[in-house]
Amino acid sequence: MQFQKDLIDWFAAEKRDLPWRRTADPYQIWISEIMLQQTRVETVIPYYKRFVEKFPTLYDLAEADEEILLKQWEGLGYYSRARNLQAGVKEVAEQYDGVVPASRKEISSLKGVGPYTAGAVLSIAYGIPEHAVDGNVMRVLSRILLIEEDIAKPKTRKIFEQAVTDIISHEDPSSFNQGLMELGALICTPTSPKCLLCPVREHCHAFHEGRQHELPIKTKAKKTKALNYVMASIRDGDAILMEKRPSFGLLANMWQFPMIESPQDAFPHEIEERLSEQLQGVISSAEKIISFKHVFSHLTWNVEGYMAEGRNLQLPSHMKWVTREELDLLPISGPVQKMKQALQQRGEI
DNA sequence: AACCCGGGGCT
DNA sequence: AGCCCAGGGTT
C-alpha cells in the first residue's frame with residue numbers, strides 16, 4: 001500500500017537522531033519505552049544516557065540496589081515505573097536466561113509491560129508486526145482514518161489496535177510504528193497539525209474533509225485536590241534527619257524531610273509541638289524558611305518548610321540521621337528538592 | 001470503568 | 001489555570 005510506503009520513507013528521511021535509535025539491544029529499547037511513558041523525548045534523553053551507562057546490561061539492572069536505581073530515576077516521575085522495570089528485568093534474567101521474550105504473551109507478563117510497551121519492543125527490537133498504540137498513535141490515526149470514537153475511553157484503544165493490525169507493514173513493522181509516533185510528535189501535533197508538511201496528507205480522511213482540528217475526540221475531566229504539608233529540616237549538629245516513604249502509594253520508597261500535615265497558619269511553636277510529639281523527643285528553634293506550591297496533574301502540594309533542632313529523638317525505623325554526603329545519595333521528589341535547594345541557598349547544608 | 005501515579009511544556 | 005501528553009497497575 002502506498003500509505004505504508006509514504007510513511008516509512010518519510011520516517012527514514014526525517015526521523016530524529018535519538019539515543020535509543022542507535023541500539024538494537026532489546027533491553028535498552030525496553031528502557032527507553034518505559035521512560036517515554038507519559039514523558040517527553042527531550043526530558044528522557046539525559047536520563048536514558050545516564051541510565052544505560054550505569055546499567056549497560058540487563059544483569060547490571062537486575063542486580064542493582066533499589067536506592068541507586070531510584071536515584072537514577074529522580075526527577076523523571078512515576079517512580080513505580082523504575083521498580084516495575086527492575087522486577088521485569090529480574091524476571092527475564094531468571095526465567096528467560098537474560099533474553100527479552102519475543103512473543104506478546106510472554107513479554108506482556110513482565111511487570112510494567114502493558115499493551116503499548118509490548119508492541120513497541122516487539123516491533124522495534126525484533127521486527128515483529130505487532131501494534132503499539134499510545135495516545136500519539138490514536139491521535140494520528142483518528143485523523144487519517146477519521147475515527148470519531150472517544151479516545152479517553154479504555155475500550156476505544158482496541159479499535160485502534162485492530163486498525164494497526166490491519167494496516168501495519170510486514171516488511172518494516174519497526175519503521176511503521178515509529179513512523180506513526182514520529183508523525184504525531186513532529187507533524188500531526190495535538191493543537192495545530194502541520195498538514196501542509198505531512199507526508200501522508202493525501203491518505204488522510206480528516207484533512208480531505210477539513211476536520212483535522214476536530215480530532216481526536218477526547219472527553220476527560222480531571223479533579224484536583226490540595227494537600228497542605230509542613231516539611232522540617234531537623235538538625236543535630238551536622239546530622240540531618242530524613243524519612244523514607246512507604247513502599248506503596250504516592251512517591252513510594254522515596255526519601256523526604258520529616259513531613260506532617262500542616263494546620264492552617266501554624267506558628268513555629270505549634271510545629272515544634274507536633275514534631276516533638278511524633279518523634280518523642282525535643283524539637284526546638286523552629287523557624288519558617290520557605291513556602292511554596294508544587295502542582296502536579298492531579299494534586300497541589302502547599303508546602304511550608306521549617307528548620308529546627310532535634311535532640312534525644314526516638315527514631316521510628318523508617319527514619320535515619322544522615323550526613324550531607326549521604327543526603328545527596330537519597331532519591332527525593334520534586335517538592336523535597338525545592339526544600340533542599342532552599343536549605344542550600346541559606347548555607348544550612 | 002474509574003482511579004492512582006510526576007513532571008514539564010504549551011496556550 | 002487548564003491543557004497536552006511516547007501508559008500501566010490496582011480495585
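In this predicted model, the side chains of Arg211 and Glu214 form a salt bridge with an N to O distance of 3.0 Å. Glu214 is partly exposed, its relative accessible area being 47%. Across the whole structure, a search returns 15 salt bridges, whereas the count between domain 1 and domain 2 is zero. The points below treat further salt bridges and then the contact between the domains.

**Salt bridge of Arg16 and Glu182**

- Arg16 and Glu182 pair through their side chains in a salt bridge, at 3.0 Å from N to O.
- Because Arg16 belongs to the loop between helix H1 (2-14) and helix H2 (26-35) while Glu182 belongs to helix H11 (residues 173-186), the pair ties together parts that lie 166 residues apart in sequence.
- The two partners fall into separate accessibility classes: Arg16 is partly exposed at 23% relative accessibility, and Glu182 is buried at 1%.
- A network of salt bridges links Arg16 and Glu182 with Arg21 and Glu42.

**Salt bridge of Lys340 and Asp328**

- Lys340 and Asp328 form a salt bridge in which the closest N and O atoms are 2.8 Å apart.
- This pair links distant parts of the chain, 12 residues apart, with Lys340 in helix H15 (residues 334-345) and Asp328 in the loop between helix H14 (324-327) and H15.
- Lys340 has a relative accessible area of 11% and is therefore buried, the limit being under 20%.
- Asp328 is partly exposed, with a relative accessible area of 33%.

- Chain A is assigned two domains, domain 1 (2-214) and domain 2 (225-345).
- The contact between them draws on eight residues of domain 1 and 14 residues of domain 2.
- Taken over C-alpha atoms, the centres of domain 1 and domain 2 are 38 Å apart.
- Between domain 1 and domain 2 an area of about 880 Å² is buried, and carbon and sulfur atoms give 49% of this area.
- Glu67, Lys71 and Tyr79 together supply 52% of the area that domain 1 buries against domain 2, more than any other three residues.

- Five residue pairs are in polar contact across the interface of domain 1 and domain 2, with both residues at pLDDT 80 or more.
- On the side of domain 1 that touches domain 2, helix H5 (residues 66-73) gives the most, with four residues.
- By class, that side of domain 1 comprises five charged, two nonpolar and one polar residue.

Terms used:
Residues are numbered from 1 along each chain as its sequence is written. Chains are lettered from A and ligands numbered from 1 in the order in which they are written. This is a predicted model: local features need pLDDT of at least 70, side-chain atom pairs count only at pLDDT 80 or more; totals for chains, interfaces and linings use all residues. Side-chain values use heavy atoms; hydrogens and water are left out. Domain bounds come from an automatic or database domain assignment. Contact means heavy atoms within 4.5 Å. Buried area is the accessible area (1.4 Å probe) that two parts lose on being put together, summed over both. A salt bridge is a side-chain nitrogen of Lys or Arg within 4 Å of a carboxyl oxygen of Asp or Glu. A polar contact is a pair of N or O atoms within 3.5 Å; within protein, one must be able to donate a hydrogen and the other to accept it, and residues adjacent in sequence count only if both atoms are side-chain atoms. Helices (H or I, at least four residues) and strands (E, at least two) are DSSP runs, numbered from the N terminus. Ala, Val, Leu, Ile, Met, Phe, Trp, Tyr, Cys and Pro count as nonpolar, Asp, Glu, Lys and Arg as charged, and the others, Gly among them, as polar. Buried means under 20% relative accessible area, exposed over 50%, partly exposed in between (1.4 Å probe, protein chains only).
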